[in-house]
Amino acid sequence: MTDQPGPPAADHRVEGDPSTLKVVPVRHPWRWVASAVILVLIAMLVNTLVFSHVQRGGVREGRFQWAVVGHYLFATPVLRGIVVTLELTVIAMVAGVLIGVLLAVMRLSPNRLMSGAAWVYIWFFRGTPILVQLFFWYLGISYLYPQLGIGVPFLTYLGINPPLTVASTTLATSFIAGAIGLSLNEGAYMSEIVRAGIISVDEGQAEAASSLGLSRGLTLRKVVLPQAMRVIIPPTGNETISMLKTTSLVSVIAGTDLFQATQNIANTTYQIVPLLLVASLWYLFFTSIMTVGQYYIERYYARGASRQLPPTPFQQLKASLGRTRVRPVPALADAPWVAPHD
Amino acid sequence: MTDTSPRPADPDHAALPMVSARAVRKAFGRLEVLKGIDLTVRRGEVLCLIGPSGSGKSTFLRCINHLEKIDGGELSVDGELVGYRQSGNRLYELKDTEVCAKRAEIGMVFQRFNLFPHLSVLDNVTSGPLWVRKAPSGKSKDRARQLLDRVGLADKVDSYPNQLSGGQQQRVAIARALAMDPKLMLFDEPTSALDPELVGDVLDVMRDLAVEGMTMIVVTHEMGFAREVGDTVVFMDGGVVVEQGDPTRVLTDPQHERTRSFLAKVL
């Protein structure tokens, strides 16, 4: 304090007793308007999904026929279709990741032939539609190569046929053709994801590993790939979710996946929409599980990258239930005009 | 100073210099970084490389453990050529596995630490022995704990690198290099990325190493360290060795104009 009283304008402090003042937060009227609109839309959605009815062929029935949906949701053909869909997803993703790692390493190889071969593979499989590729594996293979065999290349020109041959049609079932087509296609996409991950790791890491005497292979396996995983995992999760749904394309080559199973039922009962809903509900169920799984895998590979691991979804839920309203936290906690917490 | 301490078993071997460079040349594309380096490092010697940035100090250091391949001249460590094997009048390039085996005997410490961020401090230090030497896990861990204790970080074994300060990370990096029982340690500006108050701890660890007789080549801007701990100071500029000798003499009474003008800027 100074003895000379300054001009009042120079005094920036609050007038009156700071502890009794009420803090008025900024008002957001448009947020309230937007919220009202959303609420009305939610009400409309619930109404049309649950309560609304419609006349079909002189019969008044629930618009979405949930009873029919419920009837077929756990039907045996549908459950069998789910097994096929999940099998195809797992096979295509595991094979896709393995092919992807191999191609990524090849593309980063100093050998031009290696990187060139990988480039051509990616160019081809990314450049043609997966639907066309599936038809090729299912129909094209047995047309081009009626007999498949294992033997030494080029010996057929000398009249020596391979000892083991089999008719292509027995090999190229819709499941195998689907699994091969999806795997090879996925490998092309995964290789770009893996390559991006490998490039994202600081060069100093490989140098430090080399200086300890690690070989190129060990460096990749023990140092580079584990760190690349942080970059690789999120898009791989997307690819897996995408793959679950892409497997429905095998229905065009007579696969018996989830989608085809529901279609088969719909073709005999003509209850097309309810069975589309059955398929949709199951796809949503599995993608939801994958989303949660992806979160935990990401968290695992974040070790060492961020100082504090992000909270799990359950921790977040608990935290948001614990405090119903977020208190405004002042930048200066000990500012004189902030009322003490009650 | 530290004359080569002769090993009674093999006096010939002990008399060999640890590092010997003759007319070593290195170019990146058209840029000639090393224009004929001649240098000898004796066993147990601490050699400090100083000079302006771009003078080729770090490149020369990286040539010694074959992180960079030399384009000409002759470079040998412990009596063996770096990257080649001589047989008659032919030089055979070494295979990857042979290069790795030689690197494992040379420790290197980087300016930016380069610890493995996905591994705990203990796992960083045991990485070399476990992965390269296939040493037993229990023994490697005991040894790693000893080394971490020696660099003053016994309480950080379970931390991850990004939970440590720069000075602590660099001391872990030194422990990681020492875990391979190297015969030679290379330091590439080990304190340049550190806050000033953290430099001392790292230099203390290096000083202890020097006292214990480790052969060290240190690229540094710490003239105090060079004078106190170094047996030799080498001043490089423009890809050549301009001047070398006793640290006190080089740093206080440089003979060349280029050395004088560099020291005038940094001292």
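Modeller: A nonpolar core is a set of buried Ala, Val, Leu, Ile, Met, Phe, Trp, Tyr and Cys residues joined through side-chain atoms within 4.5 Å; buried means under 20% relative accessible area, with a 1.4 Å probe and protein chains only. This is a predicted model, where local features need pLDDT of at least 70 and side-chain atom pairs count only at pLDDT 80 or more, while totals for chains, interfaces and linings use all residues. Residues are numbered from 1 along each chain, chains are lettered from A, and hydrogens and water are left out of side-chain values.

Biologist: Which residues have the most contacts inside the largest nonpolar core?

Modeller: Leu148(B), Ile174(B), Met185(B), Phe187(B), Met206(B) and Met216(B), in a core of 47 residues. Helix H7 of chain B, residues 196-211, gives the most to this core, with 7 residues.

Biologist: What does Met206(B) touch?

Modeller: Leaving out residues up to four places away in sequence, its partners include Ile174(B), Phe187(B) and Phe225(B). Contact means heavy atoms within 4.5 Å.

Biologist: Why are H2(A) and H11(A) called oblique?

Modeller: They pack at about 55°, with axes 9 Å apart. Under 35 degrees is roughly parallel, over 145 roughly antiparallel, 65 to 115 roughly perpendicular and the rest oblique, so H2(A) and H11(A) are oblique to each other.

Biologist: What makes up their contact, by residue class?

Modeller: Trp66(A) and Tyr72(A) are among the H2(A) residues there, and Leu281(A) and Trp282(A) among those of H11(A). The tally is 11 nonpolar, no polar and no charged.

Notes. Axes fitted to C-alpha atoms, helices over the stretch in contact; angles between N-to-C directions. Helix = DSSP H or I, 4+ residues; strand = E, 2+ residues; numbered from the N terminus. Nonpolar A, V, L, I, M, F, W, Y, C, P; charged D, E, K, R; others polar. Buried < 20%, exposed > 50% of the residue type's maximum accessible area, 1.4 Å probe, protein only.
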